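Hi,

Here is the structure I promised to pass on to you. Please open it next to this email and follow along as you read.

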Amino acid sequence: MDPRYTPKERAEILQLMRLRCWSAKQTAARFVVQTNTIRNWRRAVREKHRAQDVVGAPPWNKLHAGVRWLVDEIRSLCPEREFGTRTIARHIMKAGVQISRASVLRILEEERRPHPPACTSSNESDRTAPEHFQPPGPDHIWHMDLTVLKVLWLRLEVAGIMDGFSRKILTLRVSNSTPNTNQLLALIDEVSGQAGLLRYFVTDRGGQFQRRFRNELKNRGIEHARGRARTWQFNAKIERLFWSLKSWWRVSLIVPRVEAIQARLDAYVTWHNRFRPHAALGIRTPVEAFMGSSVAEPLRYAEAGEIEPVIRVERRNVRGDPRLLFPDIRVRPKLDFVA
């Protein structure tokens, strides 16, 4: 092995040789080494167990220390069980750093890394709507459902309406009793004041969503789509919302007054719409998807890369609720110029 070339340079020579389709003899002539030296390098790479001695460890696939620190830091700031590896990966990608859920899991299983020097931290009718599963845009398909929440001795009903395209919560309205058809229609009229092209309204087969409900929607130019009995998948988007809502609700201390509960639900709506990225939306939040905003392509910061990330992360929450948390990540790329 020729001592004039470092392991990194040998790896670059072999990569260039493959890209240019050079033979061992052509490569040796261009870099002034013996032909057998090039052949020995290639043989070592093929044998794998000798590759590290010849071309060194491949640093281009290893994430930068700042990114690895960020994963550990988010886990320490947000240790809640509901804040899993997928959520961590989505928040980091939303901040502009490329990472996968598998990488997050692998980093968390490793020993905690010290703070890198370059980083600083601080505190329908019975048939399905044609576009039901893939709405063409916001305000085209809405989903509605009811769920029960219990607060001490109170049994409350919550009506929710969600946009099918962006998964944006349009409203969560709590009441002491089960709302009837008139109340639900009034809620729809209140929310749909700014809606433009609403075409389908998806519900289950509840007693409030019968013939009169369908006719009233038809008078408003909206087609009612109802799922079959015991087919929760038909209205799965809002069912998933209620599942997340109840997970947060079980561990929240809420004053047993309707006004206080409504205020907490409004805080949950703000958190869900503005600070919770969804994988189905391309790691955008519902508000970003609703407004048509795009997310910048995440960058991969490698350990041996030329761009040094300067990362800050803080734990924040919505309206003082520690359960409605999100990491505030700020990444500023710093290019290292080599003289």
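In this predicted model, helix H1 (residues 7-20) and helix H3 (residues 35-47) cross at roughly 95°, and their axes come within 11 Å of each other. Angles of 65 to 115 degrees count as roughly perpendicular, and H1 and H3 are therefore roughly perpendicular to each other. On the H1 side, the contact is made by Arg10, Ile13, Leu14 and Met17, while H3 brings Ile38, Trp41, Arg42 and Val45. Sorted by type, the residues of this contact are 6 nonpolar and 2 charged, with no polar ones.

H1 also packs against helix H2 (residues 24-31), at an angle of about 130° and with the axes 11 Å apart. These two helices are therefore oblique to each other. The crossing of H1 and H2 is right-handed. Here Ile13, Leu16 and Met17 of H1 meet Ala24, Thr27 and Phe31 of H2. That contact has 5 nonpolar residues, 1 polar and no charged.

In soluble globular proteins, nonpolar side chains tend to be buried together. The largest nonpolar core in this model has 25 residues, and Leu172, Trp249 and Ile261 are among those with the most contacts inside it. Elements giving two or more residues to this core include strand S1 (141-151), helix H10 (236-250) and helix H11 (258-275). If you set aside neighbours within four places in sequence, Ile261 is in contact with Val151, Leu156, Val174, Trp249, Ile254 and Val255. Another core lies apart from that one; its 20 residues include Ile74, Ile88, Val313 and Leu325.

Happy exploring!

Conventions:
Residues are numbered from 1 along each chain as its sequence is written. This is a predicted model: local features need pLDDT of at least 70, side-chain atom pairs count only at pLDDT 80 or more; totals for chains, interfaces and linings use all residues. Side-chain values use heavy atoms; hydrogens and water are left out. Axes are lines fitted to C-alpha atoms, for helices over the stretch in contact, and angles run from 0 to 180 degrees between N-to-C directions. Helices (H or I, at least four residues) and strands (E, at least two) are DSSP runs, numbered from the N terminus. Angles under 35 degrees count as roughly parallel, over 145 as roughly antiparallel, 65 to 115 as roughly perpendicular and the rest as oblique. Contact means heavy atoms within 4.5 Å. Ala, Val, Leu, Ile, Met, Phe, Trp, Tyr, Cys and Pro count as nonpolar, Asp, Glu, Lys and Arg as charged, and the others, Gly among them, as polar. A crossing is left-handed if the near helix is turned anticlockwise from the far one by less than a right angle, and right-handed if clockwise. A nonpolar core is a set of buried Ala, Val, Leu, Ile, Met, Phe, Trp, Tyr and Cys residues joined through side-chain atoms within 4.5 Å. Buried means under 20% relative accessible area, exposed over 50%, partly exposed in between (1.4 Å probe, protein chains only).
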